[in-house]
Amino acid sequence: IVAKYLGINFEVLDRSEVFKKEVFEPFLHEYEAGRTPNPCTLCNRKIKFGELADYAVSKGFDFLATGHYVQTDGTFLYEAVDDTKDQSYFLFNLRAEILPRLIFPMAKYKKEHIKALAAQIPTFQELSTQGESQEICFVETTYIDRLKERFEVDKTGPVVDESGKVVGKHAGYMHYTIGKRKGLDVPLSQVPLYVKSIDPATNTIVAARHDAVMTSCFYVERLNLFGTKEQLARCFVKVRYRSRKTPCRVEFEGERAKVLLDNPEFAIASGQAAVFYDGEKVLGGGYIATLPQVYPFC
């Protein structure tokens, strides 16, 4: 639509096979392993700012512009002006060498301002009133429907408490993520229980009270850092997109980092991104490693 409005030629770049290998297949296997994947962070690195950026460079373009709500100075990423639409969390995994080539025109605008501008252009008027999707692009209904194409997701199994005592059953471990309460059939428990850990090998879910699903220490692997280890020693971290930034200490142990939170967080899920900040500046991040069964210590 944009190309048509501007009267320019465009080329369709088919990277469906790369997307399947680098984004979709890992999405499936993370759920199979009992983790909670974050496919957008992989897509941004491998496809939008990987394949697409490399293609732009190969064609001699100096810059790549996208509609993401984020800022960059060529060295770091920064949160967008519109903090309700900020996408810096999902972009932590970009290659550092591509940052100088990126332009984010939306960075200093509020979403309502962009929609108001679009409404003034006949070609874009319909787009300006469309609702926004909050789902993963390849998930039309729920993620379970995509998993059913590959796995037997409705295989029931036991729910046990922290002592190992069976207190109920679940509908199939892939239906659940850390911290979830809905859908657990736990008639033998006298208190509300939340998913604390998932064991795919035995199709078992460990459930516990809310305070037992809090943790103040976890490991991060597959690191992608813009800042130095000194900058990261004392910073802030987000453990999910909609969570607040919480102060922490970061200690590096080889290829991974140990994160010690000042205040415990609820339902930290392995497979999700942990993104480090210094104010609005993104210092980098990584993926939360499989958590130990015993909270809150690493």
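**Salt bridges, rings and a cavity**

Modeller: This is a predicted model. In it, R35 forms a salt bridge with E30, and their closest N and O atoms are 2.7 Å apart.

Colleague: Are those two buried or exposed? Start with E30.

Modeller: E30 counts as buried, because its relative accessibility is 13% and the limit is under 20%. R35 counts as partly exposed, at 26%.

Colleague: How many salt bridges does the structure hold?

Modeller: The structure holds 13. One of them joins the side chains of E149 and R146, at 3.0 Å from N to O. E149 is exposed, with a relative accessible area of 55%.

Colleague: And what does E251 meet in a salt bridge?

Modeller: The side chain of K258, at 3.9 Å from N to O. Salt bridges with shared partners join R249, E251, E253 and K258 into one network. Within it, K258 is buried at 17%, while E251 is partly exposed at 32%.

Colleague: New topic. How many aromatic pairs are there?

Modeller: There are twelve aromatic pairs. Take F24 and F138: their ring centres are 5.3 Å apart and their planes are at 90 degrees, so this pair is edge-to-face.

Colleague: Where do F24 and F138 lie?

Modeller: F24 lies in helix α2, residues 16–32. F138 is in the loop between α5 and α6, so the pair ties together parts that are 114 residues apart in sequence. F24 is buried, at 11% relative accessibility. F138 is buried too, with a relative accessible area of 11%.

Colleague: What about Y31 and Y143, stacked or edge-to-face?

Modeller: Y31 and Y143 are stacked, 4.4 Å centre to centre with 10 degrees between the planes. Y31 is in helix α2 and Y143 in helix α6, 112 residues apart. Y31 counts as buried at 8%, and Y143 counts as buried at 18%.

Colleague: Which residues form the aromatic cluster?

Modeller: F19, F24, F27, Y31, F138 and Y143 form one cluster.

Colleague: Which residue lies over the face of Y287?

Modeller: R222 does, at 4.2 Å from the ring centre. K281 lies over the face of F76, at 4.5 Å from the ring centre.

Colleague: Which residues line the largest cavity?

Modeller: The lining includes A53, F61, D62, I98 and R101. By class, eight lining residues are nonpolar, two are charged and none is polar. Helix α3, residues 39–58, gives the largest share of the lining, three residues.

Conventions
Residues numbered from 1 in each chain as written. Predicted model: local features only at pLDDT ≥ 70, side-chain atom pairs only at ≥ 80, totals over all residues. Heavy atoms only, no water. 1 Å grid on protein atoms, 1.4 Å probe; cavity = no way out; pocket = protein on both sides within 12 Å on 5 of 7 lines; lining within 4 Å. Helix = DSSP H or I, 4+ residues; strand = E, 2+ residues; numbered from the N terminus. Nonpolar A, V, L, I, M, F, W, Y, C, P; charged D, E, K, R; others polar. Salt bridge = Lys/Arg side-chain N within 4 Å of Asp/Glu carboxyl O. Buried < 20%, exposed > 50% of the residue type's maximum accessible area, 1.4 Å probe, protein only. Phe/Tyr/Trp six-rings, centres within 6.5 Å; stacked < 30°, edge-to-face > 60°. Lys NZ or Arg CZ within 6 Å of the ring centre and 35° of its normal.
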